[in-house]
Amino acid sequence: MRKLNLFVVCFLIAGCSYIQKAPLEFTGKVGGQIPIAKDLAQNTEKLTMAVWVKPEEKIDADLIAIGNHNKDSVTASRACLKINWDGRVTVYGRSYDEIPPEIYMSSKDAGHIIPGKWNHVAAIIHYDESRIEIFVNGKRIENEDKKFQFKNRKTPDTPSILASLGGEEDGSSQNLKGKLAHVVVRKKAFSEQEIAKLYLDKP
């Protein structure tokens, strides 16, 4: 019933936005992810993902995962926003559908995400500039000093095979125990002012 209700309360704008306002609860169990639209990271040079998260405990969990699930032990996502057990934030991205490579960037310092409290997390993937920005609670945070190069300046013009909230794309791992709210995915790069405005809209 939860999955049915999700599609009643969310909507797509011009095929490039996903918004989920009401809080969603996740148990941390395998298969507890909630599927979302598969075209959210299709044919774009830039992608913004943002969400409020309230983890019940320190945990490794995917918050938003869009992409083809790799059959190896490592997930390969067109776009993935996740939290780590040490409170860091990590963002994954691929600009094409071959595996490997997968590019990722993590926040430099631990402790950004606090269990038991609402935390706002956002990321901007610049496929065209080979750059990833991470924001926590409305502010840009320092990332790892890491250079990388996306293969293409734009993601594929076909939809992803899978896309989910609260776990890996297929729900096999990285499952969240806690809540998500105010989920936003847009095929554009939000400004710092737009990210700050999302932070002011608390659950």
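Reader: Is Glu194 buried, partly exposed or exposed?
Author: This model is predicted. Buried would need under 20% relative accessible area, and exposed over 50%. Glu194 has 30% relative accessibility, so Glu194 counts as partly exposed.

Reader: Which residue forms a salt bridge with Glu194?
Author: The closest N and O atoms of the pair are 3.1 Å apart.

Reader: How many salt bridges does the count come to?
Author: A pair counts when a side-chain nitrogen of Lys or Arg is within 4 Å of a carboxyl oxygen of Asp or Glu. By this rule the count comes to ten.

Reader: How many residues apart in sequence are the parts that Asp128 and Lys46 tie together?
Author: Their side chains meet in a salt bridge, 3.1 Å from N to O. Asp128 lies in the loop between strands E10 and E11, while Lys46 is in strand E5, so the pair ties together parts whose separation in sequence is 82 residues.

Reader: Which residues are linked with Lys46 and Asp128 in a network of salt bridges?
Author: The pair itself meets at 3.1 Å, N to O. The network also takes in Glu129, Arg131, Glu133, Arg140 and Glu192.

Reader: Where does Lys108, the salt-bridge partner of Glu142, lie?
Author: The two side chains meet at 3.3 Å, N to O. At 48% relative accessibility, Lys108 counts as partly exposed. Glu142 sits in the loop between E12 and E13, so the pair ties together parts 34 residues apart in sequence; Lys108 lies in the loop between E9 and E10.

Reader: Which strands stand at the edges of the open sheet?
Author: The sheet has six strands with antiparallel pairing, in the order E4-E13-E6-E7-E8-E9. An edge strand has a single partner, so one side is left without a neighbour in the sheet; the edge strands are E4 and E9.

Reader: What is the bridge partner of Val91 in E9?
Author: Strands E8 and E9 run antiparallel, and four bridges join them. For Val91, the partner in E9 is Met105.

Reader: How many residues does the largest nonpolar core have?
Author: Met49, Leu63, Ile64, Leu81 and Leu176 have the most contacts inside it. Beyond its close sequence neighbours, within four places, Leu63 touches residues including Val51, Leu81 and Leu176. Apart from this core lies another, of seven residues, among them Phe135 and Ile195. The largest core has 40 residues.

Key:
Residues are numbered from 1 along each chain as its sequence is written. This is a predicted model: local features need pLDDT of at least 70, side-chain atom pairs count only at pLDDT 80 or more; totals for chains, interfaces and linings use all residues. Side-chain values use heavy atoms; hydrogens and water are left out. Two strands pair if DSSP finds at least two bridges between them. Helices (H or I, at least four residues) and strands (E, at least two) are DSSP runs, numbered from the N terminus. A nonpolar core is a set of buried Ala, Val, Leu, Ile, Met, Phe, Trp, Tyr and Cys residues joined through side-chain atoms within 4.5 Å. Buried means under 20% relative accessible area, exposed over 50%, partly exposed in between (1.4 Å probe, protein chains only). Contact means heavy atoms within 4.5 Å.
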